[in-house]
Amino acid sequence: MSDIATSRRSRITPEREAELYRAVLDLLREVGYDALTMDAVAARTRSSKATLYRQWGGKAELVVRAMHSQKPGGLADVDTGSLRGDLHTIIGREDDCVMAENVALMRALAMAVHQNDDLRQALRELLVEPEVEEFRRIVDRAIRRGEVRADNPALDYIVHMLVGAFATRMLIDERPPTQAFLTSYIDAVVLPALGVAPPH
């Protein structure tokens, strides 16, 4: 985070920040991104609009940082000694209820991302690019361990595969993604594509 952003966001307690983020995510699920306004956030959280703009600059950054706040820590901190163990552990950090809530958030943002440049940029800079980089570190460890060949063409698509499985489960099966579904998908699709042998 830049020094400017740090100074801008330094006047609020962690507890108050968490309360604001919960309210933003509740509103996002209820009304969607386009209908979510800083006025509504201010009313829901008993804040002033001036405070919200001073802390977050605008709606896009506030929404994306609220989404990021729900992430259970850095992905690259997971190191079980195997790629399969790492991916299963990452999936296991969010229970099925949280996954269903995240699907609702993705639905609320799906159309807005294509129509709002500021939202798309905030998502890429604050959420997508950091997570892609953390996945790269996990896969790099697997390459160094000799689990995955460095020239495997599927390496460029591991994040696409995982996000695709998460995002399309509801569309195809009319059910939200679950831990059981995603771990099965990892074993049946992701690991074979990377040349990782299934467990015996």
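Which residues are linked in a network of salt bridges?

**Figure 1. A network of salt bridges in the predicted model.** Five names make up this view: Asp 79, Asp 86, Arg 141, Arg 145 and Glu 147. Salt bridges link them in a network. In the model, the count of salt bridges comes to 18. Side chains of opposite charge can pair when their charged atoms come close.

**Figure 2. The salt bridge between Arg 46 and Glu 19.** The closest N and O atoms are 3.3 Å apart. This pair links distant parts of the chain, 27 residues apart. Arg 46 sits in the loop between α3 (38-45) and α4 (49-56). Glu 19 belongs to helix α2 (residues 14-31). Arg 46 is exposed, at a relative accessible area of 66%. Glu 19 is partly exposed, at 28%.

**Figure 3. Asp 39 and Lys 49 joined by a salt bridge.** Their closest N and O atoms lie 3.4 Å apart. Asp 39 is in helix α3 and Lys 49 in helix α4, so the pair ties together parts that are 10 residues apart in sequence. Both partners are partly exposed: Asp 39 has 47% relative accessibility, and Lys 49 has a relative accessible area of 37%.

Figure 4. Arg 169 has 8% relative accessibility; buried means under 20%, so Arg 169 counts as buried. Asp 173 is partly exposed, at 34% relative accessibility.

Note on methods
Residues numbered from 1 in each chain as written. Predicted model: local features only at pLDDT ≥ 70, side-chain atom pairs only at ≥ 80, totals over all residues. Heavy atoms only, no water. Salt bridge = Lys/Arg side-chain N within 4 Å of Asp/Glu carboxyl O. Helix = DSSP H or I, 4+ residues; strand = E, 2+ residues; numbered from the N terminus. Buried < 20%, exposed > 50% of the residue type's maximum accessible area, 1.4 Å probe, protein only.
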